[in-house]
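Reader: I have a model open and would like to go through the fold. Can we start with how the helices sit on the sheet?

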Amino acid sequence: MNKLDMAGRSAIVTGGASGIGLAIAQRLALSGANVAIWDMNDQSLADAARAISGGKVHTVKVDVTKVDQVEAAFASTVKMFGKVDAMANSAGVAGQNATVIDYPVDEWLRVFDINMNGVFYCCRTAGKHMKDNGYGRIVNIASIAGKEGNPNASAYSASKAAVIGFTKSLGKELAKDGVTVNCVTPAAVKTPIFDQVAQYHIDFMLSKIPMGRFGLVEEIAAMVSWLCTEDCSFTTGAVFDLSGGRATY
Ligand SMILES: NC(=O)c1ccc[n+]([C@@H]2O[C@H](COP(=O)([O-])OP(=O)(O)OC[C@H]3O[C@@H](n4cnc5c(N)ncnc54)[C@H](O)[C@@H]3O)[C@@H](O)[C@H]2O)c1
């Protein structure tokens, strides 16, 4: 594992109690950062905090679809660490597998509320703080589905495409403020999110990966964590591939 320098930095990881978010939180803490893990579930937050070593860990129970909760969680994190230098937005859901014609409207709205609106609330809150501080790193976890559009996953694919467009907008808005905003587009990575996905869809996602295997949470965390460091200084509004060769652009 390469050594990244996050000494003296503090970071927030949403969805940090599980899967990719937990791996990002671990890697940032091992790199010397103080890390706030934001998630919805008390028990998984406590388990995650025990699993992380390195910097200080602060857990916050928050539903990212509620802007007031996001703002309160941010205030609690600033109170704990004094400032926030980096934010990785990993909270997300897969949503039901169904064709567009059959897609339940409530489910569509739920997926967008978590995967896109939640990212907006978090970036809106963190972006202001980072702009005022003249420094910040934001990384949004989008998906290859947002670039390619997976069949039977339209809400997920469209919400992740929205995250990509949003990242490009915010990156340009903060480009002169010392704040970089990037996103990553992983292909399938075996995490608890697979429990939300039909087996035929998991098989489909694996079949599309030229490397012939799922990504590892550590592989996603490595790139995201680098994007959270000071070294990521001339890259913003960008989309980073993590797809085992699936992405063609
Ligand atoms: N695993 C994959 O194959 C894959 C591929 C591409 C992108 N992604 C994206 O990576 C991110 C992390 O996924 P994962 O695989 O680690 O899934 P996961 O289910 O292991 O973790 C997601 C976390 O988000 C939290 N969460 C969900 N809704 C929330 C809300 N409203 N408020 C706060 N927290 C909430 C969950 O409690 C959970 O801890 C997601 O955005 C997902 O779309 C995953």
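Reader: Which strands does H3 lie across?
Author: H3 lies across strand E1 (10-14), strand E2 (34-39) and E3, and runs at about 160° to E3. Helices (H or I, at least four residues) and strands (E, at least two) are DSSP runs, numbered from the N terminus. Axes are lines fitted to C-alpha atoms, for helices over the stretch in contact, and angles run from 0 to 180 degrees between N-to-C directions.

Reader: Before we go on, where do the numbers come from?
Author: The model is predicted, so local features need pLDDT of at least 70 and side-chain atom pairs count only at pLDDT 80 or more, while totals for chains, interfaces and linings use all residues. Residues are numbered from 1 along each chain as its sequence is written.

Reader: What does H8 touch on the sheet?
Author: Helix H8 (residues 217-227) packs on the sheet and touches strand E4 (86-89), strand E5 (136-141), E6 and E7. The direction of H8 makes about 165° with that of E6.

Reader: In what order do the strands run?
Author: The order is E3-E2-E1-E4-E5-E6-E7, 7 strands in an open sheet with parallel pairing. Two strands pair if DSSP finds at least two bridges between them. The edges are strand E3 (57-61) and strand E7 (239-242), each pairing on one side only. From one strand to the next the twist averages 20°.

Reader: How many bridges join E6 to E7?
Author: Strand E6 (residues 179-186) is joined to E7 by 4 bridges, and the two run parallel. Cys183 has Val239 in E7 as its bridge partner.

Reader: Back to helices. At what angle do H3 and H4 cross?
Author: Helix H3 (residues 67-81) and helix H4 (residues 105-133) cross at roughly 35°, and their axes come within 9 Å. The crossing is right-handed; a crossing is left-handed if the near helix is turned anticlockwise from the far one by less than a right angle, and right-handed if clockwise.

Reader: Which residues meet there?
Author: From H3, Val67, Val70, Glu71, Phe74 and Val78 meet Tyr121, Cys122, Thr125, Ala126 and His129 of H4. Contact requires C-beta atoms, placed from the backbone, within 7 Å. By class, this contact has 7 nonpolar, 2 polar and 1 charged residues. Ala, Val, Leu, Ile, Met, Phe, Trp, Tyr, Cys and Pro count as nonpolar, Asp, Glu, Lys and Arg as charged, and the others, Gly among them, as polar.

Reader: And H4 with H6, roughly parallel or oblique?
Author: The axes of H4 and helix H6 (residues 154-173) cross at roughly 15° and come within 9 Å. H4 and H6 are therefore roughly parallel to each other. Angles under 35 degrees count as roughly parallel, over 145 as roughly antiparallel, 65 to 115 as roughly perpendicular and the rest as oblique. Residues of H4 in this contact include Trp108, Phe112 and Phe120, and those of H6 include Tyr156 and Phe166. The contact divides into 13 nonpolar, 3 polar and 2 charged residues.

Reader: How do H1 and H8 pack?
Author: Their axes are 8 Å apart at an angle of about 55°. H1 and H8 are therefore oblique to each other. The crossing of H1 and H8 is right-handed.

Reader: Last topic, the ligand. Which residues come nearest?
Author: Gly15, Ser18, Gly19, Gly92 and Thr191 come nearest, out of the 29 residues around the ligand. A residue counts as near if its C-beta atom, placed from the backbone, lies within 6 Å. Helix H1 (19-30) and H4 each give two or more residues to this shell, and H1 gives the most, with 3 residues.

Notes: Contact = placed C-beta atoms within 7 Å.
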